[in-house]
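Please look over the sequence and the model shown here before reading the notes that come after them.

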Amino acid sequence: MGFVRWMSIAVTVTTAVMAVLIIGSGGYSSGTKTGAGIALAAFALAWFTLGIRSQTSRLAAFAFVTALVITVGVAVAFMPVMATLQALAYPLVWVISERTRNAIISNVALALSVGAGSVINMGLSVEALLYSGTVTALSLIFSLALGLWITQISKLSDQRHDLVLELQSTRDELAAISRDAGISSERERLAREIHDTIAQDLTGLVLVAQRAQRELDNNNAAGAAEQLELIEDSARAALAEARALVTASAPVGLTGDGITSALTRLAERYSRETHLTVTVDAAGLPAIARETEVVVLRCAQEALANVRKHANATRATILVTADEAGLAVTVTDDGTGFAPSTAHTGFGLEGMSERLALVHGRLDVNSSPAGTTVRATIPKEVFA
């Protein structure tokens, strides 16, 4: 609609200006002026009856271009000054034509019509043919060059517009994928944290509660009281871990005194709950990032949980070392072992591997009837 409105204004203004030129031009008879005026009026009428419908009707577009070529040529045949209509006729042809080939053909037809009209007006002579041919050729060349250039710009603009739309669509899709990935990653993180903290604490509570029941069955009040104290301590630890998880703060086992003290407290608590001997060797460790400390603590927790649930061990050792290759956390037990290659349904080892993958680490498990060794390594460039 914007194109039709502006072109209608251009046709109206051009028609008015040319009408003034026809009336004000001297040296022409009234019949000549009348003929030029009729041709001009036919030009304007063709636009307002056919041209304004050319965007929605191919037949109307063809009829308008045909009328345009005829009326401009006839107008020039009456008065050469009417060749000024080319300034509007050529752009109209380019805009209305659906294909570039049709626009070129229409331009050539319009140029020939103007040239023929000029020859008719000036007479058939060498000078008239040379003049008309030169002006017509220059007008046609300029129209074709400008029209093809603008058409190419329009195509590039359309391509860039399509590209922008495609990029916007891709950006929206990537944003949705990123959002979904973030949600999935957060769920996996929460699953690991819950498994490594609250789930293990609840497992310990069940085992200690079972021991307390056995002490009660044996009428051992002192032993039952000791187990109840352990239940309270484990419940408080689980509550603290839950609160830390909700607030997204650091694990409660990690305080200002570092990973060595956290592992020592973990070993002492585990020994109290399971009556197994757990030793810690983490002396001489360099300062490591809090994120790395969390990974070390969680790996140790999960390894000890596996010892409690599966190993039937009497002794376990937590060894943490650091060298040029990186940081290593090794948990060894003297249990019955298992086959690492066999399928397992638990989340523990898989969760440890995923947690280590986040810091570019790796997990190695060696097991035999003499015991199991779980070794988690973290590259130096990550923890240093």
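## Basis of the report

This is a predicted model, in which local features need pLDDT of at least 70 and side-chain atom pairs count only at pLDDT 80 or more, while totals for chains, interfaces and linings use all residues. Residues are numbered from 1 along each chain as its sequence is written, and side-chain values use heavy atoms, with hydrogens and water left out.

## The chain as a whole

The chain has 11 helices and 5 strands, where helices (H or I, at least four residues) and strands (E, at least two) are DSSP runs numbered from the N terminus. Its radius of gyration is 45 Å, well over the 21 Å that the globule rule gives for 384 residues, so the chain is more spread out than a compact globule; the radius is taken over C-alpha atoms, and the rule is 2.2 Å times the number of residues to the power 0.38. Taken along the principal axes, the box filled by the C-alpha atoms is roughly 135 × 45 × 40 Å.

Of the 384 residues, 38% count as buried, that is, under 20% relative accessible area, whereas exposed means over 50% and partly exposed lies in between (1.4 Å probe, protein chains only). Among contacts (heavy atoms within 4.5 Å) between residues at least 6 apart in sequence, 67% join residues at least 24 apart.

## Helix 4 against helix 5

Helix 4 (residues 86-96) and helix 5 (residues 100-122) pack at an angle of about 155 degrees, and their axes are 8 Å apart; axes are lines fitted to C-alpha atoms over the stretch in contact, and angles run from 0 to 180 degrees between N-to-C directions. That makes the two helices roughly antiparallel, a term for angles over 145 degrees, with under 35 counted as roughly parallel, 65 to 115 as roughly perpendicular and the rest as oblique.

On the helix 4 side, the residues in contact include Tyr90 and Trp94, and among those they meet in helix 5 as a group are Ile104, Leu110 and Val114. By class, this contact has 9 nonpolar, 4 polar and no charged residues; Ala, Val, Leu, Ile, Met, Phe, Trp, Tyr, Cys and Pro count as nonpolar, Asp, Glu, Lys and Arg as charged, and the others, Gly among them, as polar.

## Two histidines with positive phi

His275 is not a glycine, although its phi is positive, at about 65 degrees. This residue is in the loop between helix 8 (259-274) and strand 1 (277-281), and it counts as exposed at 51% relative accessibility.

His360 also has a positive phi, near 60 degrees, and lies in the loop between helix 10 (348-357) and strand 4 (362-368). With a relative accessible area of 63%, His360 is exposed.
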